[in-house]
Amino acid sequence: MGSGVDRPVGSKYLLQETLGRGASGTVWRASVRDSGEVVAVKVLREELGTDPDVVTRFLRERSLLLNLRHPNLVHVRDLVVEGETLALVMDLIDGPDLRTYLRDNGPLPPAAAALTMAQICDALSVTHADGVIHRDLKPANIMLARNGDSLYPMLTDFGIARLADSPALTRTHELVGTPSYVAPETAEGRPLTPAVDVYAAGVVLYELVAGHPPFRDTNPIALLHHHLTELPTRPAGMPDAYWLITERCLAKQPEARPDAAGLGRALRMAADVVSGARPDDGSIAQVLAASAFGAGAGAAGAADATRALPQTRAGYPSAPTTPPTPPAPPASPNATRVMSTQPPGYPQPQQPPVRQAPHHPPPAYAEPMRQGPPGPPAQADPGPPPPPPPSRYRRDEAAEREPRRRPRAVREPAEPREREPRERREREPRRRGFRLGSIPGVGCTIGCLLRLVIIAAVLFAVYWFSPLHDWVNSAIDTFDTVRGWYDDVKDFVTGNDGGDKGDGSGGGGEN
Ligand SMILES: Nc1ncnc2c1ncn2[C@@H]1O[C@H](COP(=O)(O)OP(=O)(O)OP(=O)(O)O)[C@@H](O)[C@H]1O
């Protein structure tokens with residue numbers, strides 16, 4: 001799969017070979033230049049790097065992504081922005097993703113499935129407490145990391161769904177995610193809450209044991225409609241305790257779903273019940289009810305319910321408040337095997353999942369066995385069942401391959417505010433009537449003349465209706481008088497009056 005030539009990304013990383021491609025980018029096996037350490041680098045699609053919104057979000061959420069830490073989270077080590085290339089540098093996981101594992105090994109036994117998802121819930125409860133929603137939880141985003149002979153689940157692709165929620169992808173019709181895991185409220189465009197991750201966890205719980213998701217349709221829009229209107233069918237052989245939890249996660253109303261911490265606790269209890277380690281005494285239903293997003297008591301109620309649980313010999317703890325020590329980052333030169341289409345060479349111990357003591361790193365379970373034929377349906381759970389919605393069950397029939405990409409109809413309502421300005425860029429042309437002043441130069445001339453006329457009228461009014469004109473007239477009279485005096489004085493001095501006449505007469509007498 002590799003190109004053969006190492007391609008640099010940023011100043012620190014060398015891409016070596018592709019591990020796989022998804023809707024939002026390509027994952028590479030890469031090395032750190034200085035240390036030679038092996039990492040996984042997800043290079044986001046080029047279209048995303050040219051989208052200023054995505055780049056802004058990428059930079060803005062940098063510290064948030066880098067600070068997400070939990071033993072069941074694939075750690076994001078670095079974010080690279082280089083020209084139009086955006087890349088996330090992650091720990092390289094030596095193991096398959098859960099989708100590949102299911103494809104190659106078939107469904108899991110319910111106890112193994114419950115313990116797998118309990119660990120994913122541990123990670124989710126930590127990120128939800130930080131206000132971070134995954135938005136794209138599905139088997140393909142759960143890596144199974146090797147730890148000796150066992151595998152343990154690690155959630156990856158945090159934040160990618162949000163980063164990749166870009167018109168750039170919409171334009172190229174390569175959309176993010178898959179409609180099989182979309183919560184009804186997301187399909188309706190309602191605000192996203194942590195309950196969407198719990199819904200997706202419910203879909204995965206169903207799929208891990210049934211071998212397929214609860215709703216299937218080749219038409220993505222029809223599939224969304226199923227999420228909105230239909231109730232999941234209970235797969236044959238799914239134990240009561242497991243079904244109770246799965247069904248509650250798949251509730252149409254987000255408030256009816258348990259929060260991630262409560263779900264993790266319930267799943268650990270269900271694993272005990274299913275494996276016969278504890279009786280099904282209604283405690284699971286209590287935990288689910290107390291931890292529901294809509295439960296008034298909220299977290300306090302859930303905690304009380306957990307403390308009230310009887311401890312069994314296995315005694316699964318409630319979700320750890322202090323996460324176990326993170327495992328050392330795996331680095332395997334054979335990591336590309338996770339993409340192999342050959343039958344997997346993963347260890348297949350024929351043992352039930354290994355339980356972990358509280359706070360022990362990592363919370364691993366032995367690799368689950370391939371599930372055998374389903375047994376008879378288990379007894380009804382004594383706990384209070386979820387409120388029975390109208391009976392509109394779909395038949396759980398053989399399905400065609402589901403469409404992978406989430407349609408635009410789903411993605412758009414999720415964050416309409418971010419795209420609105422882009423879509424409304426074209427302005428309506430201004431409509432103006434003809435105005436003389438719109439002729440260049442004329443507007444100014446008319447304005448100036450108008451101002452002069454007004455000023456003249458004001459001055460005239462002031463002159464005429466005030467004593468000013470009397471003052472002016474008397475000033476003119478005074479001036480005329482003074483000028484008359486001046487003329488008289490001048491005539492007197494120059495002798496123009498009688499003097500001129502006398503000279504003329506005298507001159508005439510001599511002749
Ligand atoms: N940290 C990692 N270490 C090793 N392999 C990884 C890592 N992250 C992803 N992979 C592998 O790379 C492949 C592609 O991952 P990617 O996340 O792009 O796929 P996807 O989840 O199907 O895509 P998308 O979520 O974008 O639709 C997967 O098959 C996965 O097994």
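Val54, Val55, Arg57 and Phe58 are buried in helix α2 of this predicted model. Seen down the axis of α2, the buried residues fall within an arc of 165°, so they line one face of the helix. An α-helix has 3.6 residues a turn, so residues three or four places apart point the same way.

**Helix α2**

- Helix α2 spans residues 52-60 and lies across β4 (38-44), β5 and β6.
- Its direction makes an angle of about 35° with β6.
- The N-terminal end of α2 is capped by aspartate 51.
- In this cap, a side-chain oxygen of aspartate 51 lies 2.9 Å from the backbone nitrogen of aspartate 53.

**The six-stranded sheet**

- An open sheet of 6 strands is arranged in the order β1-β2-β3-β4-β6-β5, and the pairing is antiparallel.
- The edges are taken by β1 (7-9) and β5 (76-82); each has a single partner strand, so one side of each is left without a neighbour in the sheet.
- From one strand to the next, the twist averages 40°.
- Strands of a sheet pair through backbone hydrogen bonds, either parallel or antiparallel.

- Edge strand β5 is joined by 6 bridges to β6 (residues 85-91), and the two run antiparallel.
- Glutamate 82 has threonine 85 in β6 as its bridge partner.
- β5 and β6 form a hairpin, with 2 residues between the strands.
- Glycine 83 sits in the turn of this hairpin and has a positive phi of about 60°.

- Isoleucine 142 stands opposite leucine 155, which belongs to β8.
- β7 and β8 form a hairpin with 2 residues between them.
- In the turn between β7 and β8, glycine 148 has a positive phi of about 65°.

**Glycine 131**

- Proline 194 is 63 residues away from glycine 131 along the chain, while the C-alpha atoms of the two are separated by 8.1 Å.

Methods
Residues are numbered from 1 along each chain as its sequence is written. This is a predicted model: local features need pLDDT of at least 70, side-chain atom pairs count only at pLDDT 80 or more; totals for chains, interfaces and linings use all residues. Side-chain values use heavy atoms; hydrogens and water are left out. Two strands pair if DSSP finds at least two bridges between them. Helices (H or I, at least four residues) and strands (E, at least two) are DSSP runs, numbered from the N terminus. Axes are lines fitted to C-alpha atoms, for helices over the stretch in contact, and angles run from 0 to 180 degrees between N-to-C directions. Contact means heavy atoms within 4.5 Å. Buried means under 20% relative accessible area, exposed over 50%, partly exposed in between (1.4 Å probe, protein chains only). The arc is that of the directions from the helix axis to the C-beta atoms. A polar contact is a pair of N or O atoms within 3.5 Å; within protein, one must be able to donate a hydrogen and the other to accept it, and residues adjacent in sequence count only if both atoms are side-chain atoms.
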